[in-house]
Amino acid sequence: MSGPVVTSTKRNRLVVFSGGSATNSIVDVFNELLHPGEGVWRQNGNGNGGVELQRLSYIIGISDNGGSTSEILRVFGGPGIGDVRSRLIRLVPEPIGTSEEGSVKSAIKHLLNYRLPADEDLAKEEWLSIVEGTHLKWKKIPSDKRELLRSFLVHLHSEILKRARPPISTFNFHSASIGNLFLTSARLFFGSFESAIYLFRSITGVPENVQVVPAINSMFAHHIAAGLADGTVIVGQNQISHPSDLKAAGLLPSSENIYSTVPSGAATPITPFGFTGNQSRLHPVLSWPTPVLGQGVGTESEGSDDEGEGDGVEDANLPGSHPSLKSRNIVFEKDNEPELGSRVERIWYINPYGQEIRPPANPKVLGALGEAGAVVFSIGSLYTSIIPCLILRGIGHALSSPHIPIKILILNGSLDRETGPVTGNPQVDFSASDFVRAIVRACVDSQSKSRLKGAFSPSGSPHPAIHTPQGNMFIPPGEYVKYVTHVVFLEGKGAPKVDVEELGGWGVTAVKVEGQSFVGKKGVYYEVGRLKEALRGIIEKKV
């Protein structure tokens, strides 16, 4: 006979860290995990428990600087909004039946989800017809709603004309998303990204119990850089994940490693291969060293502003901005991107000049974690979607709370450029254990200032380490479960290797899900029904 039930009405939120397109394919899974009514945490006398979740928050990064977003950033600045818009559109309910209201919301969704043609001239022509209200996408939208939406697009068009400096700089409408342009206009009009999101969701009918929360609440762009194990530094999310122009990638060869000089008082320097000078190569340091504040990661030499794309262009980029952050990344390759030369070791935020900054998390993200009964690290780009959310100040401390009982990593069904290089040898390639280490490293990095005192292990310790300006902070594997309690994974050709025994030794439970493969596509894919049952089993404490 079970003991008394203890309830709390606070921990009823599911928090999902994700990017854009990958997680869009499993959004229905998370929506269906929510229970109607008052979500509660239940604990019975035998120590088994479960969580009933009523509310859902998606945490989305804003460091995207590729595709049509890159042109918005170049002309207007501001946060990368592509993934936020993508999730909002995905959350718009499908109309039930043939009601007029459902038909109107569907038409608005199709308008805001529409992309202009890839041809620049045709794209501009279509944009003008949308602004003028003559485009076919307006046909099923009543005049009151049409004029509301159109007024924001007209406002943006006016701002585009103000910022044009022909013939050197004009806005390129190539493949521009109407939803991105609408969000940008609303952000400029309100002076608030969050207000723009509120307007978007109000117009489209996104459910009240589901939030889309930008990881950083800002009107400014926030870019990231990646340090590789061989000493290379890549600047800008697009160049890390889907490079559009290798010349503009901001690559630093090992011979130009800016970390060859260590700040006064720092521990033994990390070599370009990612190992400390006084450690055996059998014990790698698991993250990239932190640059000296004020020291940039750019490749520009003196006078470099005299050459290159953007020379003499007056746009939203500050004079002297890193060249990779000024480039147009409208066109990029997403299927056959070149492999990285070595593994990504660390991600950090940079200002326009390439210097490291440590921005705080959006208070609404911390508020959501304060109400979380379960957290999910979803599928997608590990180092450009998930990690940029986790390294923000405050996130690691909030996630480590024992009051969040369930923290699930949904493992990708294949490896990509960010988790490469891929050799085909599962003993060498990025594994489930590496995914967990990367998440733990990011969470601890976000709270390194509060964890420095007494957190260092002796030289030669076999434990993984987080490098800080003050030294190497070693994290015993027994602490990993503070950040990841479960790993949901697929098996099949191309899927990351999962060492169930190693994960179990860390206190992390591995849960296998049967997946599906498709001809012509790499890796394995989650089947929505099976993934939902696996997550439900974990959340209801059946696994």
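Here is a chat about a predicted model of one protein chain.

Q: Okay, what's the chain built from, in terms of helices and strands?
A: Since this is a predicted model, everything here is computed from it. The secondary structure comes to 18 helices and 18 strands.

Q: And how much of the chain is buried?
A: Of its 543 residues, 54% count as buried.

Q: What about the surface, how much of that belongs to carbon and sulfur atoms?
A: Carbon and sulfur atoms make up 53% of an accessible surface of about 23,100 Å².

Q: Let's go inside. Which residues touch the most other members in the largest nonpolar core?
A: That core has 133 residues, and the ones touching the most other members are Phe-17, Phe-30, Ile-178, Phe-377, Leu-390, Leu-399 and Ile-410. Helix α15, residues 432-445, gives the most to this core, with 9 residues.

Q: Which way do they point from β7?
A: His-223, Ala-225 and Gly-227 point one way, while Ile-224, Ala-226 and Leu-228 point the other way.

Q: Which strands does β7 pair with?
A: One is β9, residues 344-350, which pairs with β7 in the antiparallel sense over 6 bridges. There, Gly-227 has Arg-346 as its bridge partner. Another is β8, residues 233-235, joined to β7 by 3 bridges and also antiparallel. In that pairing, Ala-226 stands opposite Ile-234.

Q: How many residues sit between β7 and β8 in the hairpin?
A: There are 4 residues between them, and Gly-231 in the turn has a positive phi of about 95°.

Q: Last one: at what angle do helices α7 and α8 pack?
A: About 80°, with their axes 9 Å apart; α7 is residues 143-163 and α8 is residues 178-190.

Q: So what do you call that arrangement of α7 and α8?
A: Angles from 65 to 115 degrees count as roughly perpendicular, so that's the word for α7 and α8.

Q: Which residues meet there?
A: On the α7 side, they include Leu-149, Phe-152 and Leu-156. In α8, they meet residues including Ile-178, Leu-181 and Phe-182.

Conventions
Residues are numbered from 1 along each chain as its sequence is written. This is a predicted model: local features need pLDDT of at least 70, side-chain atom pairs count only at pLDDT 80 or more; totals for chains, interfaces and linings use all residues. Side-chain values use heavy atoms; hydrogens and water are left out. Buried means under 20% relative accessible area, exposed over 50%, partly exposed in between (1.4 Å probe, protein chains only). Helices (H or I, at least four residues) and strands (E, at least two) are DSSP runs, numbered from the N terminus. Two strands pair if DSSP finds at least two bridges between them. Accessible areas come from the Shrake-Rupley method with a 1.4 Å probe; for residues, only the protein chains shown count as cover. A nonpolar core is a set of buried Ala, Val, Leu, Ile, Met, Phe, Trp, Tyr and Cys residues joined through side-chain atoms within 4.5 Å. Axes are lines fitted to C-alpha atoms, for helices over the stretch in contact, and angles run from 0 to 180 degrees between N-to-C directions. Angles under 35 degrees count as roughly parallel, over 145 as roughly antiparallel, 65 to 115 as roughly perpendicular and the rest as oblique. Contact means heavy atoms within 4.5 Å.
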